[in-house]
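Subject: Structure handover

Hello,

Here is the structure I promised to pass on. Please open it alongside this note.

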Amino acid sequence: MQHKARLITRSIFVIIFIISIVPSSPTLASSGVFPEDLTLREYIAKPGDTLFSISCATGEKLSMLLWRNGISNPTELRPGQNLHLAPAPVAVDLSNWTVHDVALGEELSSLARRRNITWESLAQANGLLSPRALKVGQTIKLPGEVPSTTYATAGVTPLVSALRHDVPLWEVLRLNPNPVYRGAGVLIPYATESEPSLPYPLKALEISAESVVRGQTLVLGLETGVPAECTVSYLGKTEPCYNEDETHLYVMIGTSPLEAAGEYEMTVHLEYGEGQTDITLPLLLEAGAYGRQWINPPASLSLLLNPDVYFGELNSLDPYRALRTPRRYWSLPLDLPFKIRPSISAGFGDSRSYAGMFETFHSGIDFRAWTGVPIYAPADGIVVMTDTLQVRGNAVILDHGWGLMTGYWHLSKIVVEEGQAVQRGEIIAYAGNTGLSTGAHLHWEMWVNGVSVNGLQWIDEACFGEVVFEPTEEILITAPRSKTVIGLAE
Ligand SMILES: [Zn+2]
């Protein structure tokens, strides 16, 4: 939700920018050229690029390049950095546009939606500076109405409309490019006569977001009319769904920054009683703005700068990544795993070079800390690993159930044992500087169904949109304290 809000804010900035650089809209409108597609263009910085050279090559003013990308210093640019550029203008034929007198209650957004055009484009074609600039009786230019469309019931999300009317979500999103506010109707293509309903046995379907930035977690909540179970297939793998009870199921999709941005599909395979059904939904991955980190460890750590050591240790964690515990111990939001002021020294998802020796990506978040800072369990869970590793140093992994796991690296001291049940707020370890680390910090790792995801999303309940999780009861089990990891295959 935060992310969505940022996107919306960014779009609004872009719109204001476009409008502000076009003070003489009528000239542009009459020439038939204005930005119809407000999708941002991207540019990935190559070695040798400067912001000045990018400005020249793309035609984007340097000041706009800095402002649009939140860069304060023009010399700040890393190879691989993703830059947002102004949207490409698209020629639009205005010849069949007609004049319209604004009636009471008509808004730019509803007029635009009914005509399959963004309100920004409509505003620009009419030289309007604000979505609220319309007055009753004002004459504006409008394109023709889109045929064969209708409104879905107010308050229904585009996704649910698509399922009910059996049309692709892409079509619905194309007709409803702007956020649909609570209570507003959703425009859907091809009005259907039949009584709308979700595919049997679905009674309700909620999705945490229509699209996610690579590295974020997408969650689906399903309610069925009869007891059901499901699996979900996406990006070449199949994962279990998790049952809250017989008729409430959750799908957890952890996405990786290593995945290319784009449009994918996810298929939920539902089985109930004697029957089964497949529901295919779009999985939209946005690029996000990931940077690049250069790590130059001191000579004393040079033995660890060996790809065999680094990737060998990474792969040795695969059995833990494979754990899928059908019971949920966590509740949203998770706590941060410490009580000092959070300060991030290396963010999640950036590509990373270790002294130019090998390339990887930063699969967690580095928080500044000092040796001895207590580390707390951010949610209830079971300790599945405590070990001293070469790269990760003293490390702990907690299994919170439903495929959610957290990892804590470079610790100075560990005070829990494998197999132990821990509760939210319980001290599990102390921060340190062990392993491949250039100063005391906590590397906090989070996995969703084995994929490293951005843990910060889980600190704010609002990041999961409409999907609601019931609070869990505290862990009642006292797991045996043993070195054997439960359910772990060798
Ligand atoms: Zn780290």
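Below is what turned up, from the whole chain down to single residues.

Please keep in mind that this is a predicted model.

**The chain overall**

The chain has 490 residues, and 32% of them count as buried. Its secondary structure comes to 10 helices and 31 strands.

**The nonpolar cores**

The largest nonpolar core holds 77 residues. Val251, Val396, Leu398 and Tyr408 touch the most other members. This core draws on two domains, with at least three residues from each of domain 2 (158-286) and domain 3 (292-464).

Leu398 is worth a look on screen. Leaving out residues up to four places away in sequence, Leu398 touches Ala377, Gly381, Ile382, Val383, Val384, Met405, Thr406 and Val422.

**A buried helix**

Helix H7 covers residues 158-165. How many of its residues are buried? The count is 8 of 8. They run from Pro158, Leu159, Val160 and Ser161 to Ala162, Leu163, Arg164 and His165. Note that Arg164 and His165 are on that buried list.

**A mixed sheet**

Three strands form an open sheet in the order S18-S20-S21, with mixed pairing. Strand S18 (292-295) and strand S21 (358-361) each have a single partner strand, so one side of each is left without a neighbour in the sheet. Neighbouring strands here are turned by 25 degrees against each other on average, direction ignored.

Strand S20 (residues 351-354) and S21 run antiparallel, joined by 4 bridges. Within that pair, serine 351 stands opposite phenylalanine 361 of S21.

**An antiparallel sheet**

A further open sheet also has 3 strands, in the order S23-S29-S27. Its pairing is antiparallel. Which strands stand at its edges? They are strand S23 (374-376) and strand S27 (413-414), and each pairs on one side only.

S23 is joined to strand S29 (residues 427-430) by 3 bridges. There, tyrosine 376 stands opposite isoleucine 427 in S29.

Over to you.

Best wishes

Terms used: Residues numbered from 1 in each chain as written. Predicted model: local features only at pLDDT ≥ 70, side-chain atom pairs only at ≥ 80, totals over all residues. Pairing = 2+ DSSP bridges. Helix = DSSP H or I, 4+ residues; strand = E, 2+ residues; numbered from the N terminus. Axes fitted to C-alpha atoms, helices over the stretch in contact; angles between N-to-C directions. Buried ≥ 20, exposed ≤ 12 C-beta atoms within 10 Å, placed from the backbone. Core = buried A, V, L, I, M, F, W, Y, C linked by C-beta atoms within 7 Å. Domains from an automatic or database assignment. Contact = placed C-beta atoms within 7 Å.
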